[in-house]
Amino acid sequence: METNFILAGFGGQGILLAGTILANSFMLEGKNVTWYPCYGAEMRGGTVNCEIVVSDSEVSSVHKQDTDYALVLNQQSFDKFVHRVKPGGTIVSNSTLVAEARPRTDIKYVFAPMTQIANELGNSKVANMAALGVLASVCSVVSKEYLAKGFEKVMSGKKKELLPLNIKALESGYNILAQAK
Amino acid sequence: MQQVFSIPKSMKKDFRYTFCPGCDHGVAIRLVAELLDEMNLREKAICSTSIGCSVFLYDFLDVDCVEAPHGRACASATGVKRARPDKFAFTYQGDGDFASIGLAESMHTALRGECVSAICINNTTYGMTGGQLGPTTIMGQITTTSPYGRNREYYGYPIRIAEQIALCDGTAYSARVALDTVPHINQAKQALKKAFEVQVQGLGFGFVEILSSCPTNWHMTPQEAHERVRNEMVPVFPLGVYKDVTTEKGV
Amino acid sequence: MTDNNEKVLIKGNYAIAQAAINAGCQCYFGYPITPQTEIGEYLSAEMPKLGRGYVCAESEIAAINMVVGAVSTGVRAMTTSSSLAVALMQEALSYAASDELPVVLVNVMRAGPGLGYIYPAQGDYNQSVYGGGNGDYKIIVLAPSTVQECIDLTYRAFYLAQKYRNPVILLADGLLGQMMEPACFGENPYPEVDVSSWALTGAKGRESRAIYSLGPNEKKQIQHVYNLFKKFEVIAEKETTYEEFQTEDAEIVLTAFGSMTRNIKAAMKVLRDKGIKAGCFRPITLSPFPHKRILELATEGKNFVVVEMNMGQMYKDVKYSVEGRSEVGLINRPVGEWLSVEEIVEAVEKLMEKNYAASIQYS
């Protein structure tokens with residue numbers, strides 16, 4: 001079984017890092033995974049994205065037209081990627097910066113205030129970890145515990161100091177939908 | 001009996017020059033060989049050769065040689081020196097090779113201050129292909145591709161190589177010499193020695209431009225050709241040391 | 001790299017760079033071009049720490065000639081580039097092949113012709129396998145399909161280059177260069193190669209050596225070209241490598257190189273689920289090309305469908321290999337979006353109706 005993800009947002013939101021953490025979490029779980037970024041001139045427009053494919057067997061195509069999950073942190077990314085979600089797939093949006101709208105009827109929508117969570121924790125930079133927390137709460141393939149391990153793997157040396165704050169953001173994101181109910 | 005002449009060890013024992021009568025390449029190569037002997041460099045020398053009349057160098061010099069495509073000798077020598085910093089890397093090129101097709105490689109090697117030595121033979125023409133206009137052809141000079149003489153409208157101006165190389169911050173030594181008289185030959189040897197020394201001392205790029213005769217393509221006798229070097233080339237390409245970091249000398 | 005056996009999530013470009021270090025690459029010379037620039041960036045940080053050579057060359061032409069100079073002294077050296085800039089290096093590759101110098105060149109392909117664009121493509125099959133340089137010469141060409149293979153084949157590239165004194169191209173693509181996958185560096189599995197019989201180190205205690213083309217001696221040059229080709233016959237005999245999957249009972253063999261291999265393997269599974277007996281074949285060495293194995297499969301009556309991101313460059317080699325004993329079809333898109341598993345499956349079904357002797361071109 002293959003599941004694929006697109007993570008998108010604007011530069012500075014830590015999209016590529018979030019993707020790297022997610023991909024590492026899959027690797028640490030012993031799954032096959034690939035991470036593929038947009039790169040070069042594509043990155044000059046301000047929005048960035050990366051694609052992650054996770055599979056029990058060998059990963060086939062890396063760069064796919066459609067996706068099971070889209071995790072979008074800004075409006076531009078929502079507008080672009082809402083059309084690339086497979087029927088039955090899910091778009092997980094940062095409601096702090098994305099207007100709640102449901103232009104298609106054949107996909108699922110999740111809205112959570114990721115940037116607001118980060119701001120409440122005192123650092124807008126951890127919105128990406130909050131986003132991963134939200135994703136883990138709605139997608140059974142993604143494990144919150146391994147995301148934490150993925151963060152540790154990626155953040156070596158002095159950056160390890162940032163671990164407690166990022167874990168908090170991850171937890172807050174993970175719990176936000178349950179709290180809202 | 002006192003021995004007054006011998007072939008340098010750095011020359012092949014059975015070499016026979018294939019250059020035209022009166023060509024200065026033979027003198028230049030002999031000076032290089034003498035210096036490799038005198039400075040004890042033969043056993044660690046690696047030469048990056050070039051394309052043009054200088055292409056036959058490995059038939060004469062008894063040192064390790066690797067061929068470089070036209071114009072790329074300085075890039076090749078950069079590779080040699082970076083791979084083996086303890087060796088002596090040098091190039092021997094014509095003006096077309098060094099200053100036309102290879103100008104980018106030559107100048108950037110100087111700018112990087114690579115510890116290599118480069119020798120450029122300037123005879124104001126492409127010799128090997130039969131005397132066409134090159135980067136050093138002087139104004140008014142008739143060649144097979146400038147039958148009415150070099151002019152600004154069609155051809156633009158020649159390059160003064162030694163001066164240009166001297167402008168590069170990585171250059172440790174840059175000089176222009178000639179081989180038309182015995183005193184000039186002696187000066188040429190001193191300049192070459194300096195260009196070799198700056199490499200050995202790790203000071204940077206060492207460069208010597210050698211004004212040379214080309215009787216065949218100039219349609220002259222050897223004597224007339226050397227007179228042309230004196231009377232027509234030296235006024236355009238003045239002899240001298242343009243940069244020497246060991247004496248902080250410039251013109 | 002603290003532990004060589006630890007799995008790390010790493011980009012293909014970084015994997016190639018670190019593998020080159022592990023393989024003993026003493027000098028790197030390069031000029032930036034997307035999508036392979038990370039290789040030069042990574043090595044600019046690592047090579048000085050190791051006391052090894054690194055030059056930001058003024059051009060790709062200079063870079064490859066620096067490699068030629070460096071490897072002539074017996075050390076391992078490499079340059080990396082992409083498509084249109086590899087075009088600039090063809091002259092030096094012809095020289096290196098003729099001079100039998102172990103140049104290692106990595107081409108992380110992007111789209112062409114001309115400037116093209118930075119997205120991945122496979123349009124340099126011909127450039128690598130048949131070369132853009134002058135005269136008759138052959139290059140060893142290795143095509144990885146995963147990040148792990150970027151590592152394994154970089155090790156192999158340095159080894160084969162020195163073992164056979166022949167230039168080697170590692171032909172990757174922008175997809176492989178840019179993507180991250182779990183991979184393991186392990187140890188460079190190949191032995192040291194003795195270069196003392198030819199390397200230029202200065203004529204100390206031996207005769208001087210000259211490495212050059214034998215231009216003015218016609219007889220010698222004729223023999224030289226024959227010798228180069230005889231050498232390549234040995235390389236073909238000993239080093240031709242390929243992978244195949246479920247070809248035993250296959251009626252059609254999907255064939256691809258590089259990262260497209262991943263897609264044909266997935267398409268094969270879908271086709272099998274639909275009851276179509278598909279197998280996969282994938283040359284790892286594009287040069288020497290596995291002609292012999294393809295002919296064997298063709299002789300068993302298996303048809304081939306070549307899937308590639310170009311106008312059918314490897315297709316011609318497969319067609320040549322089958323010697324008319326079976327049909328060869330083509331599924332291609334010249335550049336851009338990699339052919340998807342769905343597109344491949346759909347095209348194979350269409351090709352079946354035409355008994356495979358056709359091509360399906362996607363826009």
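**View 1. Where the chains meet.** Chains B and C share the most contacts of the two pairs of chains in contact, a contact being two residues whose C-beta atoms, placed from the backbone, lie within 7 Å. Chain A and chain B have no contact, and their closest C-alpha atoms are 27 Å apart. Please keep in mind that this is a predicted model, in which local features need pLDDT of at least 70 and side-chain atom pairs count only at pLDDT 80 or more, while totals for chains, interfaces and linings use all residues. Residues are numbered from 1 along each chain as its sequence is written, and chains are lettered from A and ligands numbered from 1 in the order in which they are written.

**View 2. The chain A and chain C contact.** Here 19 residues of chain A meet 19 residues of chain C. On the chain A side, helix 1 (15-28) and strand 2 (32-37) each supply at least two residues; helices (H or I, at least four residues) and strands (E, at least two) are DSSP runs, numbered from the N terminus. Strand 2 of chain A gives the most to this side, five residues.

**View 3. Two domains of chain C.** Domain 1 (8-188 + 212-239) and domain 2 (243-361) make up the division of chain C, with bounds from an automatic or database domain assignment. Their C-alpha centres lie 27 Å apart.

**View 4. Inside the largest nonpolar core.** Val32(B), Leu61(B), Val67(C) and Leu254(C) touch the most other members of this 255-residue core. Such a core is a set of buried Ala, Val, Leu, Ile, Met, Phe, Trp, Tyr and Cys residues joined through C-beta atoms within 7 Å, and buried means that 20 or more other C-beta atoms, placed from the backbone, lie within 10 Å of a residue's own. Helix 7 (residues 147-164) of chain C brings the largest share, 10 residues. Leaving aside residues up to four places away in sequence, Val67(C) touches Gly79(B), Phe29(C), Ala77(C), Met78(C), Thr79(C) and Val103(C).

**View 5. A look at chain B.** Chain B holds 10 helices and seven strands. Its C-alpha atoms fill a box of roughly 50 × 50 × 35 Å along the principal axes. Of the 251 residues in chain B, 57% are buried.

Methods
A residue is buried if 20 or more other C-beta atoms lie within 10 Å of its own, exposed if 12 or fewer, and partly exposed in between; C-beta atoms are placed from the backbone.
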